[in-house]
Amino acid sequence: ERRTLQVIMETQQLSWNRTADKIEGVLDLQEIKEIRLGKNSKDFEQISKEQKDKYSDDVCFTVFYGTDFVLNNLSLAANSKEEASKWLKGLEMLYKESQTAPTPLRIESWLRKQFYSVDWTRRNSISLKELKIMLPQVNFRVPNVKFLKDKMGVFIL
C-alpha cells in the first residue's frame, strides 16, 4: 500500500499516512532502536509473493522502535535504491540528533506534542477547555475553566 512519510521536526517525530488529511501513525525519533536494510520483518513475509518480488532487498528497510520490551516495526519500500539510501542515512542522522538534543529542545518538542494532542481543529491555537485538558499532563491541576478565565483573562483575545 502506498504511504507518505513525513518528518515533523518540531516534535521530533516520523509520521505516515495514506491520505493527506489523516495521519495513520507516528513514532518518536528518540524511540528508534534500529533501522535495517532489506526485507527483515514479518510484514514482508506476510505479503504475497507477487508483491514481494516487486521490490528488491536494496529498496526495502524496516524501522524498529518502541520504549518498552515490545518493539514495533515500520516496514517500508522506497521507489529506488538511492531513495532508500537517503531515508536510511537521514533517519540515522535524525535519530542521533534526537539523542543528543539539549534539554530545552527536548522540552519544547514534548510541549508541542502535548499542544498538538489537544489542538483538534488544527488551527494552532487552543481553547480554555482544551488548555484545561492539557495542563494535568504538565502536572498543573486546574479546578475548573472559570479559574483559567480569571488567570488568563489578559491573554484572551
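These legends describe views of a predicted model.

Local features need pLDDT of at least 70, side-chain atom pairs count only at pLDDT 80 or more, and totals for chains, interfaces and linings use all residues. Residues are numbered from 1 along each chain as its sequence is written, and side-chain values use heavy atoms, with hydrogens and water left out.

**View 1. Overall chain.**
The protein chain holds six helices and six strands (DSSP runs numbered from the N terminus: helices are H or I with at least four residues, strands are E with at least two). Along the sequence the order is β-β-β-β-α-α-β-β-α-α-α-α. The chain is more spread out than a compact globule, because its radius of gyration is 20 Å, well over the 15 Å that the globule rule gives for 157 residues. That radius is taken over C-alpha atoms, and the rule is 2.2 Å times the number of residues to the power 0.38. The C-alpha trace spans about 65 × 30 × 30 Å along its principal axes.

**View 2. Surface and contacts of the chain.**
Of the 157 residues, 29% count as buried (buried is under 20% relative accessible area, exposed over 50%, partly exposed in between). Among contacts with a separation of 6 or more, 39% join residues 24 or more positions apart (contact means heavy atoms within 4.5 Å).

**View 3. Helix α4.**
Helix α4 covers residues 103-118. Its 16 residues reach 23 Å from first C-alpha to last, close to the 22 Å expected at 1.5 Å a residue (1.5 Å times one less than the number of residues). Ser109, Gln114 and Val118 are buried in α4. The cover over the buried residues of α4 includes α5 (128-134).

**View 4. Nonpolar patch at Trp110.**
Trp110 sits in α4. Its relative accessible area is 35%, so Trp110 is partly exposed. Ile107, Trp110, Leu111, Val138 and Phe140 make a nonpolar surface patch of about 410 Å². Patch residues have over 30% relative accessible area and no salt bridge; like charges are joined within 9 Å, nonpolar side chains (Val, Leu, Ile, Met, Phe, Trp, Tyr) within 5 Å. A salt bridge is a side-chain nitrogen of Lys or Arg within 4 Å of a carboxyl oxygen of Asp or Glu.

**View 5. Val145 in helix α6.**
Val145 lies in α6 (residues 145-152). Val145 is partly exposed, at 28% relative accessible area. Not counting residues up to four places away in sequence, Val145 touches Leu128, Lys129 and Lys132.

How values were computed. Areas by Shrake-Rupley, 256 points an atom, 1.4 Å probe, with all protein chains shown as cover. Buried < 20%, exposed > 50% of the residue type's maximum accessible area, 1.4 Å probe, protein only.
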